[in-house]
Amino acid sequence: MRRKRQELPKEVCEEILRQGTSGVLALLGENDYPYAVPLSYVYCDGHLYFHSALRGHKVDAIRQCDKASFCVIDQDCVKPKEFTTYFRSVIAFGRISIVEDDTHKLQTLRLLAERYNPNDEEGFRHEVQKDFNHVLMMDFMIEKLSGKEAIELTRNRQTNE
Ligand SMILES: Cc1cc2nc3c(=O)[nH]c(=O)nc-3n(C[C@H](O)[C@H](O)[C@H](O)COP(=O)(O)OP(=O)(O)OC[C@H]3O[C@@H](n4cnc5c(N)ncnc54)[C@H](O)[C@@H]3O)c2cc1C
């Protein structure tokens, strides 16, 4: 990163991934056009998990190339008078695969369900019974994680420290 001062520590990047509810997954799509698709996700121990329909553009892209990146915007506070935005975001690079093992699929589905609808075991079981065979889980193993914020946020943080 060119501007080292704006770089976020790993723990902050992970916290952003834990707090976020959606991001944009970038894949190498048809005819090598990048395909950037917004998705909900859950972060756990260096992995991001996504659910999806069985078929579609992103599934085709993943089967063609497992290299991917995922961007989550934590903050985008536009400051019109300063002609800027006070931003904070993270980008993960890694390898993405379709979860083939049913036990792992159930575990990752549970992680996702607990992230968005905690303490609803009955609802989760109902959804699994209904849709398990119609849903696909994707496992994104993070190889590199970077985070960056606007210099103004860095300055504010340092003043408060
Ligand atoms: C905040 C948010 C969270 C989401 N969470 C999930 C999730 O957890 N799981 C999930 O499966 N989907 C989620 N979606 C929907 C997701 O963005 C895709 O539309 C969906 O996954 C289908 O993707 P696909 O590649 O199979 O699309 P296909 O049906 O194969 O798409 C065909 C074409 O439609 C266009 N297209 C597809 N999606 C979009 C889009 N979102 N915006 C504009 N054009 C589009 C593209 O041109 C694509 O080539 C979410 C969307 C948003 C905005």
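Me: Is Thr108 buried or exposed?
Reply: In this predicted model, Thr108 is buried, because its relative accessible area is 1%, and the cut-off for a buried residue is under 20%.

Me: Where does Thr108 sit in the secondary structure?
Reply: Thr108 belongs to helix 3, which covers residues 102–116.

Me: And which residues does Thr108 touch, leaving out those up to four places away in sequence?
Reply: With those sequence neighbours set aside, Thr108 touches Tyr49 and Met137.

Me: Let us turn to the ligand. Which residues are around it?
Reply: The residues around the ligand are Ser22, Tyr35, Val37, Pro38, Leu39, Ser40, His51, Ser52, Arg55, Gly56, His57 and Lys58.

Me: How do the residues of that shell divide into nonpolar, polar and charged?
Reply: The shell around the ligand has four nonpolar, six polar and two charged residues.

Me: What is the distance from a ligand oxygen to the side chain of His57?
Reply: An oxygen atom of the ligand lies 2.5 Å from an N or O atom in the His57 side chain.

Me: How much of the ligand does the protein bury?
Reply: The ligand exposes 870 Å² when taken alone, and the protein buries 47% of that.

Me: Now the whole chain. How many helices and strands are there?
Reply: The protein chain has five helices and seven strands. Along the sequence, their pattern is α-β-β-β-β-α-β-β-α-α-β-α.

Me: What are the dimensions of the box that the C-alpha atoms fill?
Reply: Along the principal axes, the C-alpha atoms of the protein chain fill a box of roughly 50 × 45 × 30 Å.

Me: One last point: what percentage of the contacts between residues at least 6 apart in sequence join residues at least 24 apart?
Reply: Among those contacts in the protein chain, 73% join residues at least 24 apart.

Methods:
Residues numbered from 1 in each chain as written. Predicted model: local features only at pLDDT ≥ 70, side-chain atom pairs only at ≥ 80, totals over all residues. Heavy atoms only, no water. Near = heavy atom within 4 Å. Polar contact = N/O pair within 3.5 Å; in protein donor to acceptor, adjacent residues only side chain to side chain. Areas by Shrake-Rupley, 256 points an atom, 1.4 Å probe, with all protein chains shown as cover. Nonpolar A, V, L, I, M, F, W, Y, C, P; charged D, E, K, R; others polar. Helix = DSSP H or I, 4+ residues; strand = E, 2+ residues; numbered from the N terminus. Buried < 20%, exposed > 50% of the residue type's maximum accessible area, 1.4 Å probe, protein only. Contact = heavy atoms within 4.5 Å.
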